Amino acid sequence: MALNIFRKFAVKPLISVYIQKSCIRCLSTRLAEVGILEPPREHGKAYDTGQLFLHKIFGYRGIILFPWLAHVYDRDTAAKTEERSFDDQTTAVGKEVKGKNHTYYQVLIDTRDCPHIRAQTEAVTFLGNQDNSRALYAIPGLDYVAHEDILPYNSPEPVPIQHELFEKFLMHEPENNPPFVARDTLGAWQEKNHPWLQLSDVHRETTEGIRVTVTPFYMGCREAQQTHVYWWRYCVRLENRGLETVQLRERHWRIFSLSGTLETVRGRGVVGQEPILSPEQPAFQYSSHVSLQAPSGHMWGTYKMERRDGTSFDCKIPPFSLESKSDDTNNPSQFLGS
């Protein structure tokens with residue numbers, strides 16, 4: 001039996017937003033229907049380009065552009081590796097963690113939902129073309145979503161997602177399933193900008209119910225004062241998988257460069273915020289950047305989490321590698337009208 005999806009019931013963090021608006025503007029609550037819910041697919045059965053979905057954690061509406069195959073290094077399962085079968089999809093990493101192939105998706109976020117989600121909506125960034133330029137550009141409304149976070153649905157609307165790239169990358173073909181197919185511009189954009197879009201490794205670790213997931217991306221190299229500076233962005237998702245509310249108070253990073261330097265970075269919060277992770281609003285996602293004067297390095301660290309009673313604990317940030325690759329001088333913004 002088909003089930004109609006209403007925005008109010010998508011994810012709890014979005015409920016309060018719509019209830020508050022309805023209380024201020026009118027006496028009754030109005031719900032906007034999204035579409036018809038579809039059964040989620042099992043792992044190993046990837047979704048197709050053009051699939052509409054709700055994000056299971058953040059609740060936003062989105063549409064899938066294309067998949068990525070990532071290596072997930074999960075330190076929560078490191079102690080159990082001896083009990084698990086070793087197959088051709090598993091790769092040993094050192095003596096502690098094994099990475100396993102996992103499907104992620106490049107997606108567009110509906111711009112109507114951006115103000116209501118606890119995630120940066122300009123997380124995909126790139127460097128300018130010019131060798132001496134330090135300009136950093138961002139493409140709004142792009143995200144990477146794990147297979148298990150997809151809640152698929154369908155909609156009869158020819159333009160169900162509001163995003164400036166929607167009609168540039170996708171076209172409506174009602175006879176297809178899903179009824180949105182890729183234009184040639186999407187394939188060209190993916191191939192042209194593969195180096196800075198590619199999601200390769202995902203690292204995660206849980207401390208006292210707080211899971212930290214880090215995904216690094218290589219952005220390119222720039223020449224500065226007769227030396228080469230290598231740039232990466234990294235996306236961090238914090239998720240409270242327990243019942244106790246905590247607040248992120250401090251960050252403590254260690255950054256090791258192949259040149260032999262070790263840098264320590266301490267500070268309040270992250271990206272100017274000290275997010276609260278509660279059972280009602282369990283997740284927060286942000287992106288940041290790091291540069292090294294060497295083609296590779298490592299990062300790791302901790303977040304100081306404070307409980308309601310004032311006690312605190314250090315939440316581990318899983319170690320991850322910073323690896324460079326061949327640069328691409330193409331400009332990803334060519335489809336943005338800039």
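Select Phe-166. The residue is buried, with a relative accessible area of 2%. Buried means under 20% relative accessible area, exposed over 50%, and partly exposed in between, with a 1.4 Å probe and protein chains only. This is a predicted model, where local features need pLDDT of at least 70 and side-chain atom pairs count only at pLDDT 80 or more, while totals for chains, interfaces and linings use all residues. Residues are numbered from 1 along each chain as its sequence is written, and side-chain values use heavy atoms, with hydrogens and water left out.

**Aromatic pairs**

The structure holds twelve aromatic pairs. Rings of Phe, Tyr and Trp (its six-membered ring) pair if their centres lie within 6.5 Å; planes under 30 degrees apart count as stacked, over 60 as edge-to-face, and the rest as tilted. For Phe-166 and Phe-180 the ring centres are 5.8 Å apart and the planes stand at 70°, so this pair is edge-to-face. Phe-166 lies in helix α2 (residues 166-169) and Phe-180 in strand β12 (residues 180-182), so the pair ties together parts that are 14 residues apart in sequence. Helices (H or I, at least four residues) and strands (E, at least two) are DSSP runs, numbered from the N terminus.

Stay on helix α2 and select Phe-169 with Trp-189. Their ring centres are 4.9 Å apart and their planes are at 40°, so the pair is tilted. Phe-169 sits in helix α2 and Trp-189 in helix α3 (residues 184-192), so the pair links distant parts of the chain, 20 residues apart. Both Phe-169 and Trp-189 are buried.

Now select Tyr-234, Trp-253, Tyr-303 and Phe-320. These four form one aromatic cluster.

Next, show Arg-233 and Phe-217. The charged end of Arg-233 sits over the Phe-217 ring, 4.2 Å from its centre. The test asks for NZ of Lys or CZ of Arg within 6 Å of the ring centre and within 35 degrees of the ring normal.

**Pocket and cavities**

Select Tyr-104, Ala-146, Glu-148, Asp-149 and Arg-237. Of the 23 residues that line the largest pocket, these are the closest to its centre. About 400 Å³ of space lies in this pocket. On a 1 Å grid over the protein atoms alone, a pocket is an open set of points with protein on both sides within 12 Å along at least five of seven lines; a cavity is a set where a 1.4 Å probe fits but cannot get out; lining residues have an atom within 4 Å of a point. Points are joined across faces, edges and corners, and a volume is the space filled by probe spheres set on the points.

Strands β9, β13 (201-207), β14 (210-224) and β15 (227-240) each supply at least two residues of the pocket lining. The lining divides into ten nonpolar, four polar and nine charged residues. Here Ala, Val, Leu, Ile, Met, Phe, Trp, Tyr, Cys and Pro count as nonpolar, Asp, Glu, Lys and Arg as charged, and the others, Gly among them, as polar.

There are two cavities of 30 Å³ or more.

**Backbone stops**

Most residues other than glycine have a negative phi, and most peptide bonds are trans. Zoom to Asn-177 and Pro-178: the peptide bond from one to the other is cis, with omega near 0°. Pro-178 is in the loop between β11 (170-172) and β12.

Go to Glu-208, in the loop between β13 and β14. Its phi is near 50°, a positive value. Glu-208 counts as exposed at 54% relative accessibility.

Then select Val-271, in the loop between β17 and β18 (276-277). Phi of Val-271 is near 40°, again positive. Val-271 is partly exposed, at 36%.

Finish at Thr-261, in the loop between β16 (246-257) and β17 (262-268). Thr-261 counts as partly exposed at 47% relative accessibility. Draw a C-alpha to C-alpha line to Leu-292: 9.4 Å in space, 31 residues in sequence.
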